[in-house]
Each structure stands twice: as C-alpha cells, then as structure tokens.
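Q: I am new to this structure and would like to learn how to read its features one at a time. Could you take me through them slowly?

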Amino acid sequence: MTNPLLASHRLPPFSAIKANHVTPAISELIAQGRAQLAQLLADLPSPSWDTLVAPLEEQGDKLDQAWAPVSHLNSVANSDELRAAYTESVALLTEYSTEFSQNEALYNAYQQLADSKEFAQLPQAQQQTINNALRDFRLGGVALNAADKKRFGEIQKRLSELSTQFSNNVLDATQAWFKQFDNADALAGLPDSALAQAAQTAAQKNLSGYVITLDFPSYYAVIMYADNRALREEIYTAYVTRASAAGQKADGSSAAEWDNSALIAETLALRHELAQLLGFANYAERSLASKMAQSTEQVIQFLNELGQKSKPFAERDYAELRAFAAAQGCADLQAWDTTYYSEKLRVEKYAVSQEELRPYFPAEKVIAGMFEIVKRLFGIEVKQVSEFDTYHPDVRFYHIEKNGTQVASFYLDMFARDKKRGGAWMADCRVRRKTATGVQLPVAFLTCNFTPPVGSKPSLLTHDEVTTLFHEFGHGLHHMLTQIDVAAVSGINGVVWDAVELPSQFMENWCWEPEAIPLISGHYETGEPLPQALLDKMLAAKNFQSGLQMIRQIEFSLFDFRLHAEYNPAAPQSAQEVLNQVRDQVAVIKPPAFNRFENSFSHIFAGGYAAGYYSYKWAEVLSADAYSRFEEEGIFNAQTGASFLQEILQQGGSKAPMELFKQFRGREPEIAALLRHSGITPSNIPGEAA
C-alpha cells in the first residue's frame, strides 16, 4: 500500500489520506529521524550549520509535512478512526520530541557551534535558531540526571494525552446536546438568518422543524435574541457545563463521561512537577522562560494595572445594563440574560444591532475587501485557485503574489459544521525554508466557524465575525509574508508567545475605519455599501461595554496565570477555587455556581496558552501602539504599510520582538493607545468630570 503521507507533495493530498495511513507514516518518519541523528552524530566533524542544523531541519520538515494535514483534519473533519490514529501518533511524537531535546551529544554539538568562530559569521536568523535550540534543550531537560530525564519524558507524554483528551471531550460534549422544535414559536426573537440556520441544521439531522445546538453561531443567536427566558437559561446551562459532571446530552441524560475536571487536576499537578524538575518554582516561571515578559511579578502587575483602570468602566457598564433590564421588567438579571439585554441596550442607545449590520457584510464581499486592504497596505495580490485537493466542499484555496511572483498560499475553511472543532485559528501547513531546489513557500490553514450560506442566501457575517476573520488573516500574513528562509524562525515559528498576537490584533483595526468599511461592506441584495448613518452608529457603539469586555479578558488571564503560579502540590486548590478568588478580585459579573467555564477552557488546557493567556492583552498593547502610527500617518499610507511589512511581518522570529517593535515604532510600546482605543481614558473615568 502506498502511503500518501510518506510521499513528497507540494500540498497535502487530502483526498488520499486515510486514518490507517497516519500511525505507520509517523512511525516510519520518526524511525528515519532517529537513524539520521545517530548517523549525523557519529560522523560529525566540527559542527557547522551545513553539517548539523540544515540536515536536521530538512528531516524535521518531512515530519511536519506529514503531521500538519493530519492535525488539521483531526480538528476540521474529526472521526473515531482518525481520532484514534491521531492520539496514538501524538504519543509517538511526544516521546520522540523529548528524546531529541534530551540528547546530550546533540546539545553539545549545538553548544560547540555556538562557541565557534563560525557562529559570529552566520546570518541573524541562523544565530537565533541556534540560541533558541540551546534554550529549548535546557527546557527539554537535557541537563537532568537519568532518573529525572525518564520522569520528564513520562510527564510530557501524559500531558500530551491529557491535552488531546481535553479537546476531544469538549468537542464530544458540545455535539452531544441539541434541541429540536416542531415550530418556531419557542424561538421567538431569533432573526430570520438564525431561524433559517436552525431549519437547515434540523434537515441535516433528518429532523423536522428547527434544531439549535451548542456550536457557537447557534448558541450565540439564542442567548442574544431568544425572548423565551427559560430557553436562554437552558442553553446557557448546557453551554457552560460542557465537559463537566453537570453536562447533559440531548435526551437529558448525563454527559459526565466527558467531564474534564480530573484531567485539569492532573494536568496542573504534572505541569508543576515538570517545572520543578527544570529548576523553576512553578509552571508560570517555566512558561515565561520563552516569552517576552520577564517575570511572574511583571505579568501580575500588568494585569492588575489594566484591571484597576478598567474596573470602574466595567462597573458603570453593568450598572447601566441592570437598570435597563429592570426597566424592561427583568429585576433579577441573570447570566443568561446579560447578552440578551445587552443587545437590546445597544440597539436603544445606538439604534444599531449586529443583525441589522449582517446584510451589509456578506462573506464574499468581506473577503474581497480584506484582500483589497492588504493589497493597499503591503502590495500583495490574493488570487483564488479553483482546482485543488480538498477535504470538504466549503474549503477555498488562494495564492498570494507580490510583484507578480507567488510568495505563499492558504486554505480558508470558514463555516461551522458537524465534526469540526469550534473557534477560529490559524495553523501552518508548510513553512518557508531554503531547500536544495529553491525556496519552499509557506502555506497556512485559516479556520473559522461562521454561519454558512442557507438555501439561496449567502453567508452573512456579524461585524464581530468580520473582526475574527481579519484577526486570523493577520496571523496568516505573519506566517505567509515572511522573508526568513530558516524554518525554526520563519513566519510564526520562533515568535515568542506573548508577541505572536501582534499582527492578528493589528489587522482588526481596519474593520472600524470609515475609509475601509466601504471596501468590506455591501448589501447582499443591492450591493449598497454600509450607509453613513449605520456606519456612524456602529462606530459610536464600538466601545459599548468595553469595560466589561476588558475585565472579562483580565479575569481569564489572571485565572490562568495564578492557577499555574500559585500551585501548591501539598494542598492543591481546585481550578474552581482559584477562579472564584480571581472573580472576587476583578469580576463585575459573577456567573452562577454551576458554571464550569474552566472545563472547556481549551486555550490553556489544550491550546498552548498555559500560563500565557495574558498574551492577548500583552500583545494588544503592542498592536494598538503599532496601529497608532497608521493613525498618525494615514491608514492606507503605503510607506507605513511597507515599514510594518519589512520590520514585523517579514522578520518572523529572527529577532527579539522588542527590537522589531522599536524598529517599526521608533520607541518602546506604551499602554495609552490600547486604553484610548477601548474608551478607557482618564477623561472618561466614571464619576469624574472630563
């Protein structure tokens, strides 16, 4: 049997990949890697880039090219067979990675290269790669004794298993609950677009009437628009108890089989043990060893400062919401009411709603406008490719060209569907690197979960979804527009975690600019751009409840960071206890006791953000301040765009983020732009005169 994952392909052969190909291919590639490494170290003269690093990069790329499509398919086209193969292969890869990072002979070879005269002559990207590798050897346990190395490897393997199981549990729990209605009476208040989607979901499940689910577009429509308060409470309860002992299935039976509580406790204990093996006091310190932030104290101080500045605004927002809800007859505002009355309050204050905006943001127009914006900013052309190997009919494929030459490609998978993980993300499919035959061009996976087209009506996006699309495309641009040819620091590779959100959050700004809105908006029936009156209202509403939004992100960030920084193995607190403490400190809205948010907090338990969720706010300071240069020089200023392209996007992880930021901005970042963009400024402090 020919295994497509072992063959050389410019792009993944999705139609040929089967679950039974996965483990044999990964096993074979790992075996090749082990054999190559043994041969390399046995024959190595004095280490050089060409004799040591380059051959390892090439072999690593073969493994990455096989694993990238498998990992992607596991997220977007999940099946029992693929899940089993994925889980088995993750264990093999984790063991191999640990083995690699603990190889003392290899570490010594890298150290010898770093100490050689050749090192100073190497390009910056190659020097950075070697320095990062030495750091990662140390973080991988290369200096541990034999017993501790063994234990380190066991922990890494188990953490990988726990992460995969956590993600599987969230997916299964999300898809296990749905509710069917014979008619639309119980769904009163939902806009036509949401009702049409509910009808389409019912048809896909071979049911009559309407079906709502816990997939985010469906959940959000109900929690925001359903007049039936009992229904809002029911779906809220189902959503916030996913992957917990209190979770339920569609038939009302317990979904406790997917409870993540024990996985969370074990994950925290193992992370702490791993950190201490490496000489760190806790896992938060271990996390920061490869990030921009310098210390746990600095992160806590940063979050506390943001919280102190934001909380008065959040309290003002909530007081206004409670007063509004009470005037509407809801004197006891509950968690399942806040989104519903917030949207009504937004409409009353600004005469604009997300649903009213939706017809002006058909997906096709938004995509075309987004491509026009990056053309003006960075001088690139995005062109759709009609013929390509895909895994689902929804998926699109594009090439990016600059000056008539192709520089990158990407897959765009926009719509929510069964067997697809929720959320939005960018992942690399191919990384830019120099090969014996030329430069391998970068390829990205861009994934969202928007409402799909329904019948003859196209996909219509809320403005929130528009910003999500721009956000993920920003990540994609960072990966695809790199000019670095060394895989380890090309694109998003090697970029420290708390700076990696800079380009993504930066791109969101164009969703709010009056000069850019006409490019991304056009009524799906008439083509009419967003009317000035609606635009004015949308811009006026930009910072609606921004205090509440800011404090919510700070709550998540502090919870994550304190959970890892304050872990005490002698008397471990549960995640819920830590979350309750953080909420007592910063939260303005306290959720009900049955809420189990942490059980589906995939970012930190299955997504790489452990003791790093603060990165969103940290990088938002960078992105807001970077964007302020465009505000000063013109949002479509080609020279400013070229500067951002050259100083940030093209550099990948080849230099420290602070160095790159200062090259672009001319100084270190300042927090003022973020607060100003959020409407959190001294002149607006509640209770004080302007």
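Predicted model: local features only at pLDDT ≥ 70, side-chain atom pairs only at ≥ 80, totals over all residues.

Q: What is the strand order of the open sheet, and what sort of pairing does it have?

A: As a general idea, the strands of a sheet pair through backbone hydrogen bonds, in either a parallel or an antiparallel sense. Here the open sheet has five strands in the order 3-4-5-9-6, and its pairing is mixed. Strand 3 (380-385) and strand 6 (425-430) stand at the edges with a single partner strand each, so one side of each is left without a neighbour in the sheet. On average, and with direction ignored, neighbouring strands of this sheet are turned by 25° against each other.

Q: In which sense do strand 6 and strand 9 pair, and over how many bridges?

A: Strand 6 pairs with strand 9 (residues 443-450) in the antiparallel sense, over five bridges. To find a place where the two strands face one another, look at Met426, which stands opposite Leu446 in strand 9.

Q: Which strands does helix 17 lie across?

A: Helix 17 (residues 463-480) lies across strand 3, strand 4 (396-402), strand 5 (405-415), strand 6 and strand 9, and it runs at about 170° to strand 9.

Q: Is Ser409 buried or exposed?

A: The value to read is the relative accessible area, and a residue counts as buried when that area is under 20%. Ser409, which is found in strand 5, has a relative accessible area of 1% and is therefore buried.

Q: What is Ser409 in contact with, beyond its neighbours within four places in sequence?

A: With those neighbours left aside, Ser409 is in contact with Phe397, Tyr398, His399, Pro442, Val443, Ala444 and Met480. The side chain of Ser409 also makes a polar contact, at 3.1 Å, with the side chain of Gln406.

Q: How many salt bridges does the structure hold?

A: In general, side chains of opposite charge can pair when their charged atoms come close. This structure holds 39 salt bridges, and one of them is formed by Asp332 with Arg229, where the closest N and O atoms are 3.5 Å apart. Asp332 lies in the loop between helix 13 (296-327) and helix 14 (335-350), while Arg229 lies in helix 10 (residues 229-240), so the pair ties together parts that are 103 residues apart in sequence. Asp332 is partly exposed, with a relative accessible area of 41%, and Arg229 is likewise partly exposed, at 30%.

Q: Where in the chain are the partners Glu401 and Lys383?

A: The side chains of Glu401 and Lys383 meet in a salt bridge at 3.2 Å, N to O. The pair links distant parts of the chain, with Glu401 in strand 4 and Lys383 in strand 3, 18 residues apart. Glu401 is buried at a relative accessible area of 18%, whereas Lys383 is partly exposed at 41%.

Q: Why are Glu620 and Lys617 separated by about one helical turn?

A: Glu620 and Lys617 are three residues apart in helix 24 (residues 615-633), and because of this they are separated by about one helical turn. Glu620 forms a salt bridge with Lys617, in which the closest N and O atoms are 2.7 Å apart. Glu620 counts as partly exposed at 21% relative accessibility, while Lys617 is buried, with a relative accessible area of 8%.

Definitions and conventions
Residues numbered from 1 in each chain as written. Heavy atoms only, no water. Pairing = 2+ DSSP bridges. Helix = DSSP H or I, 4+ residues; strand = E, 2+ residues; numbered from the N terminus. Axes fitted to C-alpha atoms, helices over the stretch in contact; angles between N-to-C directions. Contact = heavy atoms within 4.5 Å. Buried < 20%, exposed > 50% of the residue type's maximum accessible area, 1.4 Å probe, protein only. Polar contact = N/O pair within 3.5 Å; in protein donor to acceptor, adjacent residues only side chain to side chain. Salt bridge = Lys/Arg side-chain N within 4 Å of Asp/Glu carboxyl O.
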